[in-house]
Structure formats: C-alpha cells, structure tokens
Amino acid sequence: MRVLGIETSCDETGVAVYDGDAGLRAHAVHSQVDLHATYGGVVPELASRDHVRRVLPLVEQVLAESGLSADALDGVAYTRGPGLVGALLVGAAVGRSLAWARRLPAIGVHHMEAHLLAPLLEDDPPAFPFVALLVSGGHTMLVQVAGVGRYRLLGESLDDAAGEAFDKTAKLLGLPYPGGPQLEQLARDGEPDRYRFPRPMTDRPGLDFSFSGLKTFTRNLVMEAGDDSRARADIARGFQDAVADTLAIKCRRALRQSGTGRLVVAGGVSANRTLRARFDAMAAAEGATVHYPRLALCTDNGAMIAYTGYLRLAGGDRATSGFNVTARWPLEALVEPGGA
C-alpha cells in the first residue's frame, strides 16, 4: 500500500509518500518561519494562504522524487486535527479531492498520534508497549501506548505547553521568532548554576505539568538583569535546565508507574539537544531505552501523516464520504484501526 500524506496543521506544509514495502519513499516540508517572523508568531490567515500556494507544488515534487504517479497511490492521508482550522481545511480539501479524483480511500489523521508514531519510522523502532512524551508548541502530555489507537493519558500540562513556554520565555529575553531554537542557542553560553529555577510540580505526586510559573520567574530575572547579556544567557540556561529536569523527572515516574522500559519522546521540542541528553541520562540510570524521531521528523511533516494513514488504512479504517476538521481532538478518543 502506498499512501500520500499531507500536513497543514499550522505553519509547515509537509507532503510525503509512504510505501508499505519500501518505507518512506520521499518527503518535503516548506516552513513558514520567514513569513511569520515579522509578526513574532503565527498569523493564521497568512498560514492558510501559504498552504494554498505550497501544497500542490509539494505534492508534484514528492511524487516525482518517489518515482510514482498519482495513479500508483493506494490512499491519501491528511491532518484532520488538532490545529488551526483554516490551515487544516487546505490539506483536507486537497487530500480528499485527490482521493476522489483517483477513487482512493482518504483518511483524516490525528496530528499528535502521528508525532507519537513517528519514531516507528526509524531503523530501530520501539516495540509496544511504551510510554510516550509528546512535547511541542501546543501540547505536553505523557501517554501510555499499548498499540496503534490504544492510548491512555497519564498526564498533561495544566497551562502552557513546554514549547509555548520556550517561545514566550525567548520573547522575554528579546530573542527573535521562532524563539525555542534561539533560546537553546543562547543557553549554550550560559552558566548552569547562576540561577536556580523551580522544577514545577515535581515535589508532589502525579504526572501533570505546569510551566506558566517559569515565565513569571524569568520575567522577574530579566527585569533585574537589564541589558546584561551575560545574565541573559545564564537565565536562558537556567530556564532550559528547569524544563529539561521537570520533563525527565515526570518521564522517570511514568516509566516506573507503567513498568515498561521504553520511552518515546516526540514533537517539535524533542529536537532540543539538551533535553535529549537529559532523557538519555535518565533512561540509562533506569535501565530503559529512549527513542526519538530523526531531527527532520521532529517538527510537523508529511512523513508522519503518510505513515499513520498507512497504518490505519492497512488496519481496516475507512473514510466517510464527507470530511471535517477540528481544532481540538483528544488523543484518548482514538480507537484501534478498524474499530468502532
């Protein structure tokens, strides 16, 4: 089965072809970072318009790189949600139109399920069951994963997602958009112990997160630091270490609670090298293994959509005649492929 995947949930247009026999045949992503940089964040209307401009040329490019024609496809997958509704509608309309024209099945994919399953595209994929940390600009959650569509939410952020906290803290530090990677770069020059940030909600039981307090702590430090560039680098380092420690502590608890020795870390923030080092050290101390998607598949991309669509279509899922998209869609509402 060969499935075309289309991702347009926010500010990246991603297209890919996944082949059940040959694996990932081709994928391409267009980032809108430059488009939104002037505004310091994603402008939904501009994002939707840019998806309209980019998606069909990317489909043509990916098909050419895969050596396939549209007639060789067996299905189409697109991101149904969660995400920006206007952006989602672009991918849904294009995906379902292509499927209708070729009389192919089309399926709407859950964006976070696709992130969760992305590490299965690697050469050494994790076996089920495992614990997954999904950490991105819009979501931070711990999930017990028994199989495709078999998810149990263990904990989530009660306020800002970790990626959102990175971006907002970067803005407080005067860093340009996108803030997360800029903060990571600044933190490399910072002293690790000058500022001791709190590790929120780690002094109590449970697996939920809270990052809004770190922003307040950062704001106070930035006001004290003024124009001191050295202090700003140290603040960035202290903030990043606090987030990394908090996530690692909660993941360790989840591993012990679940009894599994496998951890998946996925989503845009999983590209952060400091976080990866902290997870690796924690997993080694626990006798566990940790799995990530390759860096190119950490942010939003069509490969994870094509692969998830393949798993669900191959498992018996079928699309309805109509389509809809949704800004909010609980991951735990999903069922196994072919289920009710």
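I looked up Arg276 first. Setting aside neighbours within four places in sequence, I find Arg276 in contact (heavy atoms within 4.5 Å) with Ser270, Ala271, Tyr292, Pro293, Leu295 and Cys298. Arg276 sits in helix 9 (residues 273-286). Helices (H or I, at least four residues) and strands (E, at least two) are DSSP runs numbered from the N terminus.

I note that this is a predicted model, where local features need pLDDT of at least 70, side-chain atom pairs count only at pLDDT 80 or more, and totals for chains, interfaces and linings use all residues. Residues are numbered from 1 along each chain as its sequence is written, and side-chain values use heavy atoms, with hydrogens and water left out.

Does Arg276 sit buried or exposed? Arg276 is buried, yet has no salt bridge. Buried means under 20% relative accessible area, exposed over 50%, partly exposed in between (1.4 Å probe, protein chains only). A salt bridge needs a side-chain nitrogen of Lys or Arg within 4 Å of a carboxyl oxygen of Asp or Glu. The nearest side chain of opposite charge, Asp280, is 7.3 Å away. For charge, Lys and Arg count as positive, Asp and Glu as negative; His and the chain ends are not counted.

Next, the cores. A nonpolar core is a set of buried Ala, Val, Leu, Ile, Met, Phe, Trp, Tyr and Cys residues joined through side-chain atoms within 4.5 Å. The largest has 44 residues, and Leu133, Leu142, Leu247 and Phe279 have the most contacts inside it. Helix 8 (229-258) is among the elements supplying at least two residues. Helix 8 gives the most, with 12 residues. I checked Leu247: beyond four places in sequence, Leu247 touches Leu133, Val135, Thr140, Phe209, Phe211, Leu275 and Phe279. A second, separate core of 35 residues includes Val145, Met304, Leu313 and Leu334.

Then helix 2. Where does helix 2 bend? The bend is about 35 degrees at Arg54, and Pro57 follows within four residues. The bend is the angle between axes fitted to the seven residues ending there and the seven starting there. Gly67 follows helix 2, with a positive phi near 75 degrees.

Last, the backbone. Most residues other than glycine have a negative phi, and most peptide bonds are trans. I find a cis bond from Gly81 to Pro82, omega near -10 degrees. Another cis bond joins Phe128 and Pro129, omega about 0 degrees. Arg103 has a positive phi of about 55 degrees and is exposed, at 80% relative accessible area. Met201 has a positive phi of about 65 degrees but is buried, at 15%.
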